[in-house]
Amino acid sequence: MNRATWLSYSLQDFVMFGPEVFLRLFARINQDLWPWLLLWPLAGLVLPWFGRQAAELPRRLAMALAGLAWIGCGYLFLVRYYGPVNWPATGFGWAFVVQGLLLLLMKGRALPAPMTWPVAVSWWLAILLLPWLSVLEMPDLWALALFGLAPGVTVAATVLLFAGQPSPLRWLLLALPLAWTLFSAATYWALGTFWLLGFPVATLVLLIVALRVNPSPAQNPGSQSARPGPGRQSP
Amino acid sequence: MLELSRRRFLIGVGLSGLAVASPRLIAAGSPTGEQSFHSRPIPSTGESVPAIGMGTWITFNVGGDQYLIDERTRVLETFLAQNGTVIDCSPMYGSAADVIGTGLDKLGAHDRIFAATKIWTSDGSETREQAATSERRWGIDRFDLLQVHNLLAWQEHLATLKEMKAEGRVRYIGITTSHGRRHRELARVMETEPLDFVQLTYNVLDREAEERLLPLARERDIAVIVNRPFQGGSLFRRFQSEPLPSWAAEAGVGSWAEFFLKFIISHPAVTCAIPATTSVEHMQENMGAMYGQLPDASQRRMMAEYVRQL
């Protein structure tokens with residue numbers, strides 16, 4: 001196909017399912033996994049508590065929980081439910097699983113410092129408020145987009161963790177969330193499910209917040225500690 | 001929830017009895033009862049097919065959602081009850097082929113359809129394999145029509161399709177395009193290859209096919225399936241709030257669905273239009289276009305002019 005032919009395609013031409021099919025994915029996965037699905041949002045609620053601890057073990061646990069959320073969301077929502085109606089979702093799903101495994105393998109390295117209060121509060125706001133976006137599109141409580149199952153909420157919350165990593169690990173971990181943000185935003189726009197655009201928008205807002213709160217150690221050597229070292233004290 | 005009153009119960013029993021006595025009257029859930037419907041001959045054989053078929057792009061791709069699978073089966077049931085036979089799909093349409101297969105199983109309707117799908121792979125050696133996969137998904141032994149999707153690797157696929165037709169593995173072969181793309185290339189294929197069918201986009205606003213492709217199809221005795229008859233639904237979004245023209249009834253048109261569809265199937269080169277829908281009510285409206293008077297050439301010009309002015 002020549003360039004003119006490619007340019008004649010619109011975003012809508014690439015969407016092969018309707019909004020009802022997509023919105024029902026949230027309700028279907030919640031109904032199928034009830035009541036076990038509650039484990040994921042519960043894990044999401046306690047994660048910042050682990051993440052704020054000074055000891056290394058709880059912080060390892062926080063990152064492991066995030067890894068499990070990515071695996072659950074990737075395999076269950078994307079591969080099993082979304083993939084049959086949208087083949088790129090299957091590819092994303094397996095990539096989510098790989099990223100989740102990576103987070104599990106990284107252990108304590110993944111959270112180099114305790115979560116700050118602004119990050120923890122942002123996290124809680126994300127997993128408590130964002131799930132309602134899908135209910136605004138499909139007025140049914142079963143349609144809640146839960147952390148650990150729904151990719152929009154999972155990605156938006158966990159970018160807060162990834163942004164706290166030193167470069168280049170930070171950007172390695174952020175590559176997939178950013179790709180998903182772009183892909184999902186295009187999908188929601190084409191479907192006309194405008195409330196769901198709140199997921200990618202929230203992801204970008206939270207990323208900016210996290211980058212400001214956790215500047216990379218390479219950019220700001222003092223960020224690892226609130227107190228300057230003795231050799232750097234002003235005379 | 002619906003309350004079952006005595007009156008409703010008696011009406012239901014009565015209708016059930018009628019249905020057993022005359023399945024044709026169920027088809028008469030159609031707006032037109034026992035009227036004859038518009039069909040068109042396939043030029044290469046003279047076999048007739050109903051002038052309205054069913055597309056499945058987007059609408060039948062519902063994955064494993066049992067509720068929506070049942071809903072689509074009702075749409076399929078309505079289509080068949082109103083004398084529809086031509087069902088068109090593609091491997092590109094996600095789970096649509098599986099949903100069609102499930103619906104046909106449930107309705108026991110595999111032998112009541114004209115099964116059309118496409119070959120959609122850039123690997124020119126996968127024609128037979130993909131056709132076999134589609135047969136399995138639909139639950140049929142062979143397709144009536146296999147088409148090369150959007151001219152993708154068409155030389156290789158068409159060569160294999162010609163072999164398959166000679167072997168009796170498929171009854172008709174063809175090639176498709178959509179959205180008005182690559183018409184020049186499609187015309188070249190139509191001029192040089194022995195096609196039974198082409199599929200293209202044609203509707204009251206997208207009329208480029210009238211210039212070259214539709215006359216060429218008549219000249220070369222090629223049947224024409226028309227996709228995107230409602231321009232992906234945008235014709236309804238643009239015009240549904242507008243009144244039908246005062247002369248609509250004279251042209252046999254009672255709704256906007258009939259307006260758009262009758263404009264298409266009244267073109268002498270068109271064999272069949274394939275609107276897609278998720279709604280039983282819309283399917284009934286669509287199939288209504290297969291009945292009653294069709295607009296003549298001057299009325300078709302008035303139809304095109306009317307929407308242009310809107």
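## Two helices side by side in chain A

In this predicted model, helix H3 of chain A brings Trp40(A), Ala43(A), Gly44(A), Leu47(A), Phe50(A) and Gly51(A) up against Pro58(A), Arg59(A), Leu61(A), Ala62(A), Leu65(A), Ala66(A), Ala69(A) and Gly72(A) of helix H4. Sort the residues of this contact by class and you get ten nonpolar, three polar and one charged.

How do H3(A) and H4(A) lie relative to each other? H3 covers residues 39-51 of chain A and H4 covers residues 56-82, and the two pack at an angle of about 150°. Anything over 145 degrees counts as roughly antiparallel, so that is the label H3(A) and H4(A) get. Their axes are 8 Å apart, and the crossing is left-handed.

## Where chain A touches chain B

How many residues does each chain bring to the contact? Chain B puts in 14 residues, and chain A puts in twelve.

## Two cis peptide bonds in chain A

One is the cis bond joining Trp34(A) and Pro35(A), with omega at about 0°. To find Pro35(A), look in the loop between helix H2 (19-33) and H3 of chain A.

The other runs from Ser167(A) to Pro168(A), and this cis bond has omega near 5°. Pro168(A) sits in the loop between helix H8 (151-162) and helix H9 (169-191) of chain A.

Now over to the phi angle. Most residues other than glycine have a negative phi. You'll find Ala153(B) in the loop between strand S5 (143-148) and helix H6 (154-167) of chain B.

What about its surroundings? The cut-off for buried is 20 or more other C-beta atoms within 10 Å. Arg228(B) has 23 C-beta neighbours inside 10 Å, and therefore counts as buried.

Definitions and conventions: Residues numbered from 1 in each chain as written. Chains lettered and ligands numbered in written order. Predicted model: local features only at pLDDT ≥ 70, side-chain atom pairs only at ≥ 80, totals over all residues. Axes fitted to C-alpha atoms, helices over the stretch in contact; angles between N-to-C directions. Helix = DSSP H or I, 4+ residues; strand = E, 2+ residues; numbered from the N terminus. Parallel < 35°, antiparallel > 145°, perpendicular 65-115°, else oblique. Left-handed = near helix turned anticlockwise from the far one by under 90°. Contact = placed C-beta atoms within 7 Å. Nonpolar A, V, L, I, M, F, W, Y, C, P; charged D, E, K, R; others polar. Buried ≥ 20, exposed ≤ 12 C-beta atoms within 10 Å, placed from the backbone.
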